[in-house]
Amino acid sequence: MAGVIRRLDEAVVNRIAAGEVIQRPANAIKEMIENCLDAKSTSIQVVVKEGGLKLIQVQDNGCGIRKEDLDIVCERFTTSKLQKFEDLASISTYGFRGEALASISHVAHVTVTTKTADAKCAYRATYSDGKIKAPPKPCAGNQGTQITVEDLFYNVNTRRKALKNPNEEYAKILEVVSRYAIHNSGISFSVKKQGDTVSDVRTLSNTSTVDNIRSIFGNAVSRELIEVGCEDASLAFKMKGYITNANYSVKKCIFLLFINHRLVESAALRKAIETVYAAYLPKSTHPFLYLSLEIAPQNVDVNVHPTKHEVHFLHEDSILEHVQQHVESKLLGSNSSRMYFTQTLLPGADCSSSEVVKASANSSAVSKGTSDKVYAHQMVRTDSREQKLDAFLQPVNNPLSTGPTEAMTEVNAGPPEGVVRPQDAEMEDVSDLVEIADVQEDTVMPGGLSESGHVSPETVPPRKRPREDVDIEMEKDDTRKDMTAACTPRRRIINLTSVLTLQEEISNQAHANLQEMLHDHSFVGCVSPQWALAQYQTKLYLLNTTKLSQELFYQILIYDFANFGVLRLSEPAPLYELSMLALEDPESGWTEEDGPKEGLAEYIVEFLKKKTEMLKDYFSLEIDEEGNLIGLPLLIDNYVPPLEGLPMFILRLATEVNWDEEKECFESLSKELAMFYSIRKQYIIDEANLTNSQNEDSDSGSTTWKWTVEHVLYKAFRTHLLPPKRFTEDGNILQLANLPDLYKVFERC
């Protein structure tokens, strides 16, 4: 029995047609973007949720839709771009059938908010099955149109189940929008998921096509691009675009083809161009292609596919051949130079410099045979263990000494700084190993550096013991002499509870990560006497040399308490004259109410003379009976404090130190000494400002302090300094840049 032919219900017809036009969310967004472009928009923003199945929102700043047209805007075959069939022969807009919004409204809930340039306000209307639900309502809004599509395919369960992977659908959406963004370089595009603050695709309106390719596909593509362009009047076509040269290849061909500004596909053109590339690229690899063909509208038939992703045009074979020949000529011209990547070492081969390139996540050397790939943004291109040649070329001048004063080291009752700290040996029973390690050089020779033997206080925790009747003991042996068999002074064991407490405070406040950074840093250079740059792994830091050196000297004074060598001044420095110089300095804060300067200077001399024994015994600060300063403590080798700060140090020694309490006295006195010894900008700059007769030496003067900072101070920071936790918050150690972050920035450029 023959079947009965019936007329389908209009709702069924519309839903079938909608299924042909809108196959997936990316098709809906393509249709809406084309409408935005037809409306002369300069900014198009796309927001999606769950791959576009839950929400699609497309907003532009185009001409908008008139309020009178909102009633029929979602009906089939309603358009402002076509009036009669003959107009198809010269169509220059994207849309012409008037099916896009109608098709979407039959399979989703659509809301349109629009405002024209001459309208006083925006209007909003909702649609279902091509019909408006209620009259348009006035609302606030910017010029242009915002179309919101919700619950796509809510009434087509089969289609919705087939599109169950939101991530895959979102990838398709990004692909469509990015291709239109590359072609329309004068228009701003952005795509993001609902709730995200950062767009996954974003281009600006003032960027070029190459800039957009770089932003979307990366620098690896953009730097290998060749511009192509040709035209033929007889065939009535013009072609322009960008293709990659023979240096670039990928496993899957990326082909962006626009014909009369419409995103289409052409298997014949793709095959023709890939045939050309087959002679240049490795087997099974493909190029990146972006081509834009402009063909006379009367020669193009755009109405051959429901989604318009295919077009037919006259003289197709001739145009394809012409394009193929032009691409081949461009590739021949670019083939004069090729780039090859070679592997210099076989996998697993031994490499003496394997530490030079290493992953920032693992600072140790890369083990043999490792298969972990180190990406460019994780590479560390320096090694903190490398020594520079200038480390062996110490300047002739004493690094920080100025004027006629010369410094010479003498043997004192205690050894110099470069020895084992007291907490690293037993308090009462000291082994012979410590005695052998306590070697002191008689003078500081300018020709080389001596490695310090400091052991980090974290290696062996300091031992706190109660104060006994005798606060300072000499190491005991059978002969009870003060000298070892090597004729060097024995190290004194410090039992002062106050000093041990200060040592414990330093150890407790140490920041482990900062200590590791300082230990393994690579010195970059001095910005100024106060600031220096250092690299650690993939990070660049700005370090306050003044504060770090001040902390270093304070810790040396506490940990090597009463065990310093002496820097003997070549000429005694009268305390009276030093005090007068300090009081003349505005920094002293002296006023007439404080009394005459001479009286204050005499008081300072008499006061410090009373403290002579303690200063000499504990700090190697020597003052003779006449009130002259004759010796300073030797804290680290090859370093002399800037003696321009000596007058102010003497003044502060008498006025700023708490002489009443033992612990506070040692702490404040050590801090004043540390401030005096630290690198301070005002004294370094004064050094550089030499007289005209000394201009020849100005460069060497600048070199000496820089050499001292790099090869004396920062070398000491590696092994001696326990950076306190406050350095992470007070701005003394600042991170300026991080290699992975820089890669993220420049990938967008």
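Which residues form a nonpolar patch on the surface? Leu742, Val745 and Phe746 do, with about 280 Å² of accessible area together. A patch here is made of residues with over 30% relative accessible area and no salt bridge; nonpolar side chains (Val, Leu, Ile, Met, Phe, Trp, Tyr) are joined within 5 Å, like charges within 9 Å. Accessible areas come from the Shrake-Rupley method with a 1.4 Å probe, and for residues only the protein chains shown count as cover.

Before going on, the ground rules. This is a predicted model: local features need pLDDT of at least 70, side-chain atom pairs count only at pLDDT 80 or more, and totals for chains, interfaces and linings use all residues. Residues are numbered from 1 along each chain as its sequence is written, and side-chain values use heavy atoms, with hydrogens and water left out.

Phe746 sits in helix α21, residues 739-747. Helices (H or I, at least four residues) and strands (E, at least two) are DSSP runs, numbered from the N terminus. Phe746 is exposed, at 54% relative accessible area. The cut-offs: buried is under 20% relative accessible area, exposed is over 50%, and partly exposed is in between (1.4 Å probe, protein chains only).

Now the overall picture. The protein has 21 helices and 28 strands. Of its 749 residues, 48% count as buried. The accessible surface comes to about 38,400 Å², and 50% of that belongs to carbon and sulfur atoms. Next, contacts, meaning heavy atoms within 4.5 Å. Among contacts between residues at least 6 apart in sequence, 72% join residues at least 24 apart.

Next, the interior. A nonpolar core is a set of buried Ala, Val, Leu, Ile, Met, Phe, Trp, Tyr and Cys residues joined through side-chain atoms within 4.5 Å. The largest one has 79 residues. Which residues have the most contacts inside it? Leu629 and Leu632. Setting aside residues up to four places away in sequence, Leu632 touches a list that includes Gly565, Val566, Leu567, Pro641, Phe676 and Tyr677. There is also a second, separate core of 55 residues. Ala26, Ile33, Val73 and Phe258 are among its members.

In helix α8, residues 267-277, the buried residues include Leu269, Ala272, Ile273 and Glu274, along with Val276 and Tyr277. What do the buried residues of α8 pack against? They pack against β11 (237-244), β12 (254-259), β14 (288-295) and α9 (316-334).

The other spot is Met517. Met517 lies in helix α12, residues 512-519. Its relative accessible area is 3%, so Met517 is buried. Leaving out neighbours within four places in sequence, Met517 is in contact with Tyr536, Tyr541, Leu543 and Ile733. From Met517 to Ala534 is 17 residues in sequence and 9.5 Å in space, C-alpha to C-alpha.

On to salt bridges. The definition is a side-chain nitrogen of Lys or Arg within 4 Å of a carboxyl oxygen of Asp or Glu. The whole structure has 14 of them.

Take Lys30 and Glu34. Their closest N and O atoms are 3.0 Å apart. Both are in helix α2, residues 25-38, and because they are four residues apart, about one helical turn separates them. Buried or exposed? Lys30 is buried, at 6% relative accessible area. Glu34 is buried too, at 1%.

Arg492 and Asp617 make another, at 2.8 Å, N to O. Arg492 lies in the loop between β20 (472-473) and β21 (493-494), and Asp617 is in helix α16 (residues 612-619), so this pair ties together parts 125 residues apart in sequence. Arg492 is buried, at 8%. Asp617 is partly exposed, at 36%.

Lys671 is partly exposed, at 41% relative accessible area.

Finally, the cysteines. How many disulfides are there? Zero, taking a disulfide as a pair of cysteine sulfur atoms within 2.5 Å. Look at Cys121. Its closest cysteine sulfur is in Cys139, 7.0 Å away, so that is too far for a bond. Cys121 is partly exposed, at 24% relative accessibility. Cys526 is partly exposed, with a relative accessible area of 24%.
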